[in-house]
Amino acid sequence: MSTENEGTAAPTPPAAPSVPPAPASETQAPGLAPAPQSADAAPQAAAQPVAPVPAAPAPGHAAAEPATQQLPPTPAPGTEHTQQIPPAPPAPAAPAYGQAPAPAAHGAEGWPPPPPTVPAYGSGGHGGAWGAPLTADGSPAPKPKGKGGLIAGVLVAALLAGGIGGSVGYWAAERSNNGTGSTTISATNTPKDLKREAGSIAGLAAGALPSVVTIEASAGDGEGGTGTGFVYDQQGHILTNNHVVASAANGGKLFATFSDGKKYDAEVVGRAQGYDVAVLKLKNPPAGLKPLPLGDSDKVAVGDSTIAIGAPFGLSNTVTTGIVSAKNRPVASGDGSGSKNSYMSALQTDASINPGNSGGPLLDGRGAVIGINSAIQSAGNGGFGGGQAGSIGLGFAIPINQAKNVAESLIKTGKPVYPVISVSVDLQAKAEGAKISEQGAAANELVDPNGPAGKAGLKPGDIITEFGGKPVDSGPSLISMIWTYKPGDTVKLTYLRSGKPTTVDITLGSRVGDK
């Protein structure tokens, strides 16, 4: 927060996602043991540290119900085509001579089948439901099975092309028999070598594609998926999402395929589940690797152009465009099991991002990487294959400045390092901010007296309202903000105690590794 991840209501900007309670085994704060819960405290709000927690869609936004779309018969030539959704599919009628038969309604017997829906984000049709906020009860959306979504999409395209081709073919043959001659028209001034400007979308894509790889991950039990990565350095390191490679991290197989079709074995160097970042290394990297240039995500502005490159639904070397539609968007996403969550203060983009784009680069208008595509928000559930809806123009990328720091740590030590303040947060508190828990554990476990927050004077019951000069509206928002910094950084923190605001300087501690 493989993205890939999808089926719930869209979050309400700019508020962070509401947070469901997490199991006791998953409420461990960075640098703290899980807070014990007394028997009489069961109804009370669960103590949650500033550590990964699942997020849920904003309340009041119901999941969209999928509609069954009926396709009307092919209109007669010269008439305006208006797409309608009748209450029931009409009885099939024989097509006019020379005209392709009208397609059957989606969901009815015959073809085409309904359009494929989104499987697990980054899985190419078979993986965990990554990238969308978790469901209202804290559980992930159902995991789709098999590659039916991708296969159905290919079949629909092939049948539509066949129908159109047959109709046009007969029309051309009829005109030829009538002696009208060829209907082919050629442009007279087309240059022999059509060139694109280096700064155009086509030029930037052509320069970046050779450095982007499609990643295939498979575990010993057959589980796995497809995602994307890009060349980080000339030593053969590949930067991607943790959820793309997690299934193959322990004894599985990893392959990276370049845009020229050449495939290489790869291995995991290190991965950070909390950040959703992983680094791979090609076992026998080719000579002349060209790393993608890295931009500065702190200087990105809303409205800047973006280019996303990846393998949505396994369709490698796909390029989409859009803009940066928001910055510093708190996003929490899960791995499909409901037990491991990731947080990011994301760049939001409307460039089309779908399952399989996870781990791919989000470029700016100069072709520099400003983020790693990681998650999407989907409008609703349902559809063919039990998957979820695809891109609705709400994609989220990990800012490259943060991802670079994580990657350097993984390359050097193989382990992630997280900045922490060592407090537990009450996830069910109705407060405008992140409330430090008052129950569920001893006070010195809710706020470590020797930790950063304890040394700065914070106590159980305090409500953190600002961090680094930015407003905090929930526990996940606070985690996302903390993790944009490094251990040892000094940050201003504002909290309320008995309604009175206090601002202090807090020096961030550290935690090594995932829990």
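Modeller: Two strands pair if DSSP finds at least two bridges between them; strands (E, at least two residues) and helices (H or I, at least four) are DSSP runs, numbered from the N terminus. The model is predicted, so local features need pLDDT of at least 70 and side-chain atom pairs count only at pLDDT 80 or more, while totals for chains, interfaces and linings use all residues. Residues are numbered from 1 along each chain as its sequence is written, and side-chain values use heavy atoms, with hydrogens and water left out.

Six strands close into a barrel in the order S2-S3-S4-S7-S6-S5, with antiparallel pairing. Strands S2 (residues 212–218) and S5 (residues 253–257) are joined by five bridges, and threonine 214 stands opposite threonine 257 in S5.

Helix H4 packs on this sheet, touching S3 (224–231), S4 (237–240), S6 (263–272) and S7 (277–282); contact means heavy atoms within 4.5 Å. The direction of H4 makes about 55 degrees with that of S7, where axes are lines fitted to C-alpha atoms, for helices over the stretch in contact, and angles run from 0 to 180 degrees between N-to-C directions.

A nonpolar core is a set of buried Ala, Val, Leu, Ile, Met, Phe, Trp, Tyr and Cys residues joined through side-chain atoms within 4.5 Å; buried means under 20% relative accessible area (1.4 Å probe, protein chains only). The largest such core has 54 residues, of which Leu239, Ile421, Leu458 and Phe467 touch the most other members. Its largest share, five residues, comes from H4 (residues 400–413). Among the contacts of leucine 239 are Val277, Val279, Ile400 and Ala407.

Definitions and conventions
Buried < 20%, exposed > 50% of the residue type's maximum accessible area, 1.4 Å probe, protein only. Lists of a residue's contacts leave out its neighbours within four places in sequence.
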